[in-house]
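Open the model in your viewer and keep the selection panel at hand. The tour starts inside one chain and ends at the interface.

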Amino acid sequence: MSAGADIRTSPETHPLTWRLRGREAVTELADYEALDGYAALRLALTELSPGDVTQRVKDSNLRGRGGAGFPAGIKWSLVPMGADAPRQKYLVCNADEMEPGTFKDRLLLERLPHQLLEGMILTGYAIQASRGYIFLRGEYVLATQRLEQALTQARQAGYLGETILGSGWSFDLFVHTGAGRYICGEETALINSLEGRRANPRAKPPFPQIAGLWGKPTVVNNCETLNCIPAIVRHGAEWFKGLSQGRSPDSGTKLYGASGRVQRPGVWELPIGTTARELLEEHAGGMREGLALKAWLPGGASTDFLLPSHLDLAMDYDTIMKAGSRMGTGLMMAVDDRQSMVSVVRNLETFFARESCGWCTPCRDGLPWTVKLLSALERGEGELGDLEILAQIARQLGPGKTFCAHAPGAIEPLQSALKYFREEFERGIAAPPAAAING
Amino acid sequence: MSTDNLSRPTASLIASDRRCGFVFTDAEREAIEHEIGHYEDSRAASIGALKIVQESRGWVPDAAIPAIGQLIGIPASDVEGVATFYSLIFRQPVGRHVIKVCDSIACFLTGYDELAAALRAELGVEFGQTTADGRFTLLPICCLGNCDKGPTLMIDDDLHGPVEPSGVRVLLEAYP
């Protein structure tokens, strides 16, 4: 198709990445506008009410792409609206991409900065936000430069600032770069970090939509989620629902990916509900020569392992949940048959132990304990009872035991590895001395 | 400055700050004040202010902590609390170049162990240490979102990957 053609009447299936066809990136405002950029914003500000935009996103059944899958339109609809609502309301883009194995938001941030801005301005309009922030991880240096440039251009063009496009609604956006720590990706920890505090999570309720940044109503959406908004507003909920092509009850496309020792690791926009087998075999080209798939993580370090026998499952929220894991960010990691599961899990838990913010005791103390036990098992110096202790810690760190999802996420790969590969862990237990055997 | 100072009232901290002689450069002060303007509450600029000082000095010296607190209008203890929480704020001097090596799972699966061993051998330091000539500091870092090019690392603001252990020496030569 030609660039900028009406994608409703053409076989367009890639609302997130179609502008990159034949181009490395679309960073200049004029280029983005020539590719139908900011058309959705013009449409919304001239023809749609904020409620219409929210309704369109609600009807589209867009689910949060950060991993939890919460419907975006429903999240927005919890924000107080109308004359009695607080004058200050905030929109925050979670671009603190740090989930191990996840490299999708980097693509959008570096190569399509205006698309994120358009999605954020539309979302800001829907919830009548006064200001927005892009919480960007500090290591994304190129993304920072490109977003700052895009913001300057958008302000000059009147897409940001006072009474945008003559609508009477004013809104501005800022980039806030982080200084490390995975926990900043947790919604309420992110808000604390944005306020200039240590990134400890907050108790919920109240939910951020009621009392978030500086105590004001705040919506936090993932970068990919916000990138979906312009096309939904422009082309409608029914069109967005059709993008999954019947592969899933979920709507739209998804940035999927594969990493590990596969032939062609990468990230691809595909209909939501594409099978893991298609990702691995067609798009990633299968495992590297001489290697076989042993296990896989569907979408990040904080998801349960699945087996090769699960490859034909649709990669959507409910299907992967039923199989005992989570789709998470949707970027699968392939563990090959040369890897020791004990070592793999030790690496994962070392990450989670280091990145625990230390606020809740089970997480702060439990995770280093798993690392200690796993390291001993890795050296073949484990003791009888270690696997039972690991299983017990996993139970103690489950949902509801701590403020946020860090600890429950951390034990997902541990509990599933113990379930599927118990004998590998058992092999790490040192043989008892002969005297002990003889009593 | 001793840690005792952190619990004293701000006035004495300012005094100790003067004794330590910490003075923002004009560029630092201007950048921090610009940052403050982005937020409803100046506290939100604390991380940004630490990054601004670090950007110009390489690290955040003790005396900068109360000075930042005074400029932003929050206690020095809160600034120190933030400075010590975030892994990319350096509270001790680092080398001219900081190497951040991704040790998360995607890089672990694609050769992190071999890369880390090559770096330690080449530099003669462990993670968290700086070479004797002050040229490099070696640090671990969370997934860099470059998982299709693992094993991966950053040197200063530059992203590299995949990095072969045999290519480490040549790679480092670009950072004198």
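Select A:Y90 first: at 1% relative accessibility it is buried (under 20% relative accessible area; exposed is over 50%, partly exposed in between; 1.4 Å probe, protein chains only). This is a predicted model, where local features need pLDDT of at least 70 and side-chain atom pairs pLDDT 80 or more, while totals for chains, interfaces and linings use all residues. Residues are numbered from 1 along each chain as its sequence is written, chains are lettered from A and ligands numbered from 1 in the order written, and side-chain values use heavy atoms, without hydrogens and water.

Now show the rings. Over all chains there are 16 aromatic pairs (Phe, Tyr or six-membered Trp rings with centres within 6.5 Å; planes under 30 degrees apart are stacked, over 60 edge-to-face, the rest tilted). A:Y90 and A:W214 are edge-to-face, because their planes stand at 75 degrees, with centres 5.3 Å apart. Ring pairs join A:Y90, A:Y133, A:F174, A:W214 and B:Y39 in a cluster.

Next, colour by chain. Contact (heavy atoms within 4.5 Å) involves 54 residues of chain A and 37 residues of chain B.

Which side chain does B:E40 meet in a salt bridge? Select A:R131: the N to O distance is 4.0 Å. The rule (a Lys or Arg side-chain nitrogen within 4 Å of an Asp or Glu carboxyl oxygen) finds two salt bridges across this interface.
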